[in-house]
Amino acid sequence: MSLWKKEFCPFCGAKIGLLNYRNQEGIAVCPTCFAKADLDIESFKLLDIETLSQCYEKRRQDLELFQQFRVTNEVKIGVFKGYYIREDANLGVWYVSNSKKPTNPTLFRHEELAHFELLEDGNSVASGGLARAAVGGVLFGGVGAVVGAVTGSKTSKKVITSLEVAIVLNTPYRKKISISCMGVDSKVKSGSMAYNQHMKEAHDLMMFLHGIKARASAPTNTNAASSPSSAADELLKFKNLLDMGAITKDEYQAKKKQLLGI
Ligand SMILES: [Zn+2]
């Protein structure tokens, strides 16, 4: 890089300094414009300037659409520097933000969720969204699958250093979102209270994504076998949650009464 060759951001015209972001064409964008695109670095690098321009146009549309956004479903991950994942089922869009009150989050349509995976120390322990086959993990079919995978490793008290939900997207801009469910912890023992809390949040997020996936396929797959689970199936899920320590006995009893209508 030559010091005398001045470069300017193609979007705002600002002089390119030491902190800049280069795309696959080698064109540098200023930090402000990079932030405006709301992309992770990996996704950004893959884009040419033309596609990046379309991304900014999409962001403007998102800003308008966001004025109509009413939360119908929400998951919060972590306490400090957490994630807010929210859906407006009526608009058919959802977003992931680090801000409790975002002003212009990137809105994803339901069908832009390709698939998702729960990774414990990089190993897939549960996944969802794939048509029939799970890659290297348990096909996520509800609470049971996640809990089953978790309780399977209960006997060995190992130390976990990462617990992450990887969301693969089907958009021209952003390809992936990784959500750490470890909160402020850098390591936890499997089976510990902290671990169970993180796992519960991860599970809630998986359920959230599962719901989005279900709603994405609902209009086109009306003839597909998607029978709602029976009260017994539901009860089993909550029994698993109870065993795992994610819910209390009282919560379980309340759910049981509700499900069985007693
Ligand atoms: Zn710029």
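In β11, which residue is the bridge partner of A166? The views below take you there by way of the cores. This is a predicted model, in which local features need pLDDT of at least 70, side-chain atom pairs count only at pLDDT 80 or more, and totals for chains, interfaces and linings use all residues. Residues are numbered from 1 along each chain as its sequence is written.

**View 1. The largest nonpolar core has 32 residues.** Such a core is a set of buried Ala, Val, Leu, Ile, Met, Phe, Trp, Tyr and Cys residues joined through C-beta atoms within 7 Å. Buried means that 20 or more other C-beta atoms lie within 10 Å of the residue's own, with C-beta atoms placed from the backbone. V165, I179, A202, L205, M206 and L209 touch the most other members. Among the elements supplying at least two residues each are β3 (73-77), β10 (163-169) and α5 (193-217); α5 gives the most, with eight. Helices (H or I, at least four residues) and strands (E, at least two) are DSSP runs, numbered from the N terminus.

**View 2. Look around V165 for its contacts (C-beta atoms, placed from the backbone, within 7 Å).** Leaving aside neighbours within four places in sequence, V165 is in contact with F116, L118, I179, C181, A202, L205 and M206.

**View 3. β10 pairs with β7 and with β11.** Strands pair if DSSP finds at least two bridges between them. β7 and β10 are antiparallel over seven bridges, and H115 has V168 in β10 as its bridge partner. β10 and β11 are antiparallel over five bridges, forming a hairpin with six residues between them. Here is your partner for A166: S178 in β11.

Key
A residue is buried if 20 or more other C-beta atoms lie within 10 Å of its own, exposed if 12 or fewer, and partly exposed in between; C-beta atoms are placed from the backbone. Two residues are in contact if their C-beta atoms, placed from the backbone, lie within 7 Å.
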